[in-house]
Amino acid sequence: MATLYLTEQYSVVKLEGETLRVQAAGGRNGDAIRVPLNKIEQIMVLGEITLTTPALHELLKRRIPVHYLTAWGRSYGSLVADWGKNSGVRLAQYALARDVARSFAVARACIGGKLQNMRTLLLRYARGRDNDAALQEAAQSIRRYLRDLERLEPPADTSDRMHGLGPLLGLEGSGSAAYYSVLGMLLKGEWNFTGRVKRPPTDPVNAVLSFGYTLLTNQTVSLVHAVGLDPGLGVLHQPGFGKPALALDIVEMFRPIIVDSVVMTMINTGQLTPRDFEEELGAYRLRDGARRTFLEKFEARLNEQVQHPLFGYRVSYRRCIELQVRLFAKYAQGEIERYVPFTVR
């Protein structure tokens, strides 16, 4: 089972027996690509690509999610099958969202996992460097923020603009700023990356980071649906129209070790160069060829096997994300006492 990425603009996807037939615009019938449906876990549609109604019906019947994005990775939304039959898990999720103490514990765990994995990544890259003072200092700063995080108590008042999560979000922001302030030092070449910039990304590194984060969030939306939870109701990110708040919560701890890791590897091995990006009105985007290469590396990273820190067996990163979603469901239903974030050493 794999993710099918559709990137060829103006191509048409039809149902043909037990396969999806992908025909490029202007191509001959013999050039069409056929993908067995039983090999597809989800589909990412990037740009102007048409899926016929019979194809969509079959995908819904098989409960295969379809995610629609722009060609450059901005998410439009997802087409998913009807809600699963386990309404009890969603009722537990809604009850958790109203329980300030328990939902705060999960939100704190998500931020803690994110900062811990950022720190681990910096320390890995600091090894073997002649001048690692800035990296070590950033790692120390993140460690202090993690200690402060552990001491935070659930908010007594959630009526303010930040829903009582101001101190938590402040530590998350400070830790992320420390991390991104030195990330550019780890990149070979002249990339001019000085920190995180979104909407729009104003440099190539931010462009590819945003692209990867969006893909990872959409992958997580599929897993949230598969477990039977509501992706729109999280504990850290607040609900919003079309906003996958729970997926955004879960994905926090995986962004550094999946997306950032892929981006740094591709840049430092010359698989991404400044020529692989185009600029339009001050915003940067990946060119077509580089986007396809990034998708290959991103998928390879998701399928990479690691030893799970909680369960001890080897699983793919994709499976690790699903396990975090399932742990969230178990915590919401009171089956486990504590939600533990996914962290690496």
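The legends below describe close-up views of a predicted model.

**View 1. Helix 1 and its buried face.** Helix 1 spans residues 53-61, and A55, L56, E58 and L59 in this helix are buried. Seen down the helix axis, the buried residues fall within an arc of 160 degrees, so they line one face of helix 1. H57 and K61 are exposed and sit on the face turned away from the buried side.

View 2. R63 belongs to the loop between helix 1 and strand 7. Its phi is near 60 degrees, a positive value in a residue other than glycine. Most residues other than glycine have a negative phi. With a relative accessible area of 48%, R63 is partly exposed, because the exposed class begins over 50%.

**View 3. H163, in the loop between helix 4 and helix 5.** The loop that holds H163 lies between helix 4 (133-151) and helix 5 (166-183). H163 is not a glycine, yet its phi is positive, near 55 degrees. The relative accessibility of H163 is 37%, and the residue therefore counts as partly exposed.

**View 4. Helix 3 against helix 10.** Helix 3 (residues 100-126) and helix 10 (residues 317-332) pack with their axes 12 Å apart, at an angle of about 165 degrees. The two helices are therefore roughly antiparallel, since angles over 145 degrees fall in that class. The crossing of helix 3 and helix 10 is right-handed. On the helix 3 side the contact is made by R102, A105 and V106, and on the helix 10 side by F328, Y331 and A332. Sorted by class, this contact of helix 3 with helix 10 has five nonpolar residues, one charged residue and no polar residues.

**View 5. Helix 3 against helix 8.** The axes of helix 3 and helix 8 (residues 255-268) come within 10 Å and cross at roughly 25 degrees. Helix 3 and helix 8 are therefore roughly parallel to each other, because the angle is under 35 degrees. Helix 3 passes helix 8 in a right-handed crossing. From helix 3, the residues in the contact are K114, N117, M118, L121 and Y125; from helix 8, they are P256, I257, D260, S261, M264, T265 and N268. The contact of helix 3 with helix 8 has six nonpolar, four polar and two charged residues.

**View 6. L327 and its surroundings.** L327 is part of helix 10. Its relative accessibility is 8%, so L327 counts as buried. Leaving aside neighbours within four places in sequence, L327 is in contact with L310, F311, I336, Y339 and V340. R291 is 36 residues from L327 along the chain, and the C-alpha atoms of these two residues are separated by 33 Å.

How values were computed. Residues are numbered from 1 along each chain as its sequence is written. This is a predicted model: local features need pLDDT of at least 70, side-chain atom pairs count only at pLDDT 80 or more; totals for chains, interfaces and linings use all residues. Side-chain values use heavy atoms; hydrogens and water are left out. Axes are lines fitted to C-alpha atoms, for helices over the stretch in contact, and angles run from 0 to 180 degrees between N-to-C directions. Helices (H or I, at least four residues) and strands (E, at least two) are DSSP runs, numbered from the N terminus. Angles under 35 degrees count as roughly parallel, over 145 as roughly antiparallel, 65 to 115 as roughly perpendicular and the rest as oblique. A crossing is left-handed if the near helix is turned anticlockwise from the far one by less than a right angle, and right-handed if clockwise. Contact means heavy atoms within 4.5 Å. Ala, Val, Leu, Ile, Met, Phe, Trp, Tyr, Cys and Pro count as nonpolar, Asp, Glu, Lys and Arg as charged, and the others, Gly among them, as polar. Buried means under 20% relative accessible area, exposed over 50%, partly exposed in between (1.4 Å probe, protein chains only). The arc is that of the directions from the helix axis to the C-beta atoms.
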